[in-house]
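Have the sequence and the 3D view open while reading.

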Amino acid sequence: MSNEEQNSRWICHICDYSSTIGEGQACSQCYKIACPEHMTVSTVYNPATGLYELQAVCVECHLRKIL
């Protein structure tokens, strides 16, 4: 792995925080990157199994679900 791949920049789609340290997390609903402060665990219904699953979602998708 090259040094450029190790230091790739990511940007939170909610607060526009940008960093090359660590990794942003992808939302399981919108697939956008968010910083750990803007991620939460939410129960999401899976129609294929008929069960609720715990998934990491951004706060924007989480609020959209409850409003």
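**Loops with positive phi**

Asp 16 sits in the loop between β1 (10-11) and β2 (18-19). Strands here are DSSP runs of E with at least two residues, helices are runs of H or I with at least four, and both are numbered from the N terminus. This is a predicted model, in which local features need pLDDT of at least 70, side-chain atom pairs count only at pLDDT 80 or more, and totals for chains, interfaces and linings use all residues. Residues are numbered from 1 along each chain as its sequence is written, and side-chain values use heavy atoms, with hydrogens and water left out.

- Most residues other than glycine have a negative phi.
- Asp 16 is not a glycine, yet its phi is positive, about 65°.
- Asp 16 is exposed, at 58% relative accessibility. Exposed means over 50% relative accessible area, buried under 20%, and partly exposed in between (1.4 Å probe, protein chains only).
- Tyr 31 also has a positive phi, near 65°, and is not a glycine. Tyr 31 lies in the loop between β3 (25-26) and β4 (33-34).
- Tyr 31 counts as exposed, with a relative accessible area of 63%.

**Overall fold**

- The chain has two helices and six strands. Along the sequence they run α-β-β-β-β-β-β-α.
- The radius of gyration, taken over C-alpha atoms, is 14 Å.
- Along the principal axes, the C-alpha atoms fill a box of roughly 45 × 25 × 15 Å.
- Buried residues account for 24% of the 67 residues.

- Strand β5 (residues 39-46) pairs with strand β6 (residues 51-58) in the antiparallel sense, over eight bridges. Pairing requires that DSSP finds at least two bridges between two strands.
- Tyr 45 stands opposite Tyr 52 in β6.
- Four residues lie between β5 and β6 in this hairpin. In the turn, Gly 50 has a positive phi of about 75°.

**Cysteines**

- A disulfide is a covalent bond between the sulfur atoms of two cysteines. Here it is counted when two cysteine sulfur atoms are within 2.5 Å.
- How many disulfides does this rule give? The count is zero.
- The sulfur of Cys 35 is too far for a bond, because the closest cysteine sulfur, in Cys 12, is 3.7 Å away.
- Cys 35 is buried, at 3% relative accessibility.
- Cys 61 is buried too, at 8% relative accessibility.

Key
Rg over C-alpha atoms; globule rule 2.2 N^0.38 Å.
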